[in-house]
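Biologist: Can you walk me through this one? Keep it simple, please.
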Amino acid sequence: MRKDFKETLLNILNGVSSGVVIALVPGALINELMKGMSSFWPGAQDILTMTTLMQNLLAVFAGLCVSYLLKFNLIQSGSVAAAAMIASGAFEMKNGHIMLNGSGDVINIALTIFIAATLVKYLTPKLGSYTVLFLPLSVAVLAGGLGQFALPYTKMITGMIGSVVSVLTDFQPLVMGMFMGAIFAALIVSPISSVGIAMAIGIEGIASGSANLGITAGAFTLAIMSSKVNGFGTTIAHFLGTPKIQMANILRNPKLFVPVVVSAGIAGLVGAIFNITGTANSAGFGSAGLIGPLAAYQNMASGPITIVFLVAIFAGMPLLLGYLMRYIFIQKLAFVKEEDLLVKNE
């Protein structure tokens, strides 16, 4: 029973994370470019509409991704996705009309999906041949209703956390930059979605930029420390894809968190010093898809010097930190071993 609960929880966290990526990455990649092109190319506005709609449907994507991981059938999957959307907070009623309004609250979406998945597992064997008739309605009303009831409270809590982070960042940007870099590097190699957390608490500005730099530095550190035991493809996948491929190794050997957090904290501090910024939608991605660097570029003076600077800070600095961490923690202190970072499904 305990094992089943743990597996379900991990599937929900991973599924919501995948849903966030599907919903947000397209817009994070091209929205600013399309805004600039919309003045002379009408098609740019159409593309903006498409990516905005994808962001609004985050809850649906999350529900479907979780359902896939839980091996639900079509009726079950649709029921979970419907409940997630109902309780997401991604729409509002105006004059009797439903108006889409943002991506919703990620924490509440995950909570609703958990309730919906539990109901699906409980009700399906009891409903039998009536499943197709009553399961969607039951899950939508019960799970969706409970999620809607919880929504104001989860929004209040996550909003308070976001406000605290914002105030502390304004008050102590260097300390918070270091802290955000370290925290988000730890999140990216855990079962928890760094993107989901960033969206939930709405971190922006220096906090967002430092989070992205921390993730990038952590990814480079893991890639370089494991380069002798993993193949070239796996090595570059750490920073071109996601360092989450090391999650099993790090959870098995928590000492591996130390070099990751140290390099990420330094990178976050440097990001705060140079005023590297980002948005709630870009935070948590790091350098994957160039989302972190592109978000930082938007608030900087455009030009080749800025591009060279961002390459140095999002690639050069993490590369140097990675080699430094390998020298300190593997070669000098023997704190961890390269074999600890072998990705066994290579």
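Modeller: A word on terms before we start. Helices here are DSSP runs of at least four residues, and strands are runs of at least two, numbered from the N terminus. Also, this is a predicted model.

Biologist: How many helices and strands does the protein chain have?
Modeller: The protein chain has 14 helices and 2 strands.

Biologist: What box do the C-alpha atoms fill?
Modeller: Roughly 65 × 55 × 35 Å, taken along the principal axes.

Biologist: And what is the radius of gyration of the protein chain?
Modeller: The protein chain has 21 Å. A compact globule with 346 residues would have a value near 20 Å, so the two agree.

Biologist: What share of the residues count as buried?
Modeller: Of the 346 residues, 48% do. The accessible surface of the protein chain comes to about 16,700 Å². Carbon and sulfur atoms make up 71% of that surface.

Biologist: What about contacts along the chain?
Modeller: Take contacts between residues at least 6 apart in sequence. Of these, 75% join residues at least 24 apart.

Biologist: New topic, charges. How far apart are the mean positions of the positive and negative ones?
Modeller: They are 10 Å apart, for 17 positive and 12 negative charges.

Biologist: Let's zoom in on helix H2. Why does its span agree with what it should be?
Modeller: H2 covers residues 43-56, which makes 14 residues. At 1.5 Å a residue, H2 should span 20 Å. The end C-alpha atoms of H2 are 20 Å apart, so that agrees.

Biologist: Which residues of H2 are buried?
Modeller: Gly43, Ala44, Leu48, Thr51, Gln55 and Asn56.

Biologist: Now Phe40. Where does it lie?
Modeller: Phe40 lies in the loop between helix H1, residues 2-37, and H2.

Biologist: Is Phe40 buried or exposed?
Modeller: Phe40 has a relative accessible area of 60%, so Phe40 is exposed. The cut-off for exposed is over 50%.

Biologist: Which residues does Met325 touch?
Modeller: Leaving out residues up to four places away in sequence, Met325 touches Thr221, Met225, Pro259, Val262, Ser263 and Ile330.

Biologist: How far is Met325 from Ala295?
Modeller: Their C-alpha atoms are separated by 27 Å, and the two are 30 residues apart along the chain.

Definitions and conventions. Residues numbered from 1 in each chain as written. Predicted model: local features only at pLDDT ≥ 70, side-chain atom pairs only at ≥ 80, totals over all residues. Heavy atoms only, no water. Expected span 1.5 Å × (residues − 1). Buried < 20%, exposed > 50% of the residue type's maximum accessible area, 1.4 Å probe, protein only. Rg over C-alpha atoms; globule rule 2.2 N^0.38 Å. Contact = heavy atoms within 4.5 Å. Areas by Shrake-Rupley, 256 points an atom, 1.4 Å probe, with all protein chains shown as cover. Lys, Arg positive; Asp, Glu negative; His and termini not counted. Charge placed at Lys NZ, Arg CZ, Asp CG, Glu CD.
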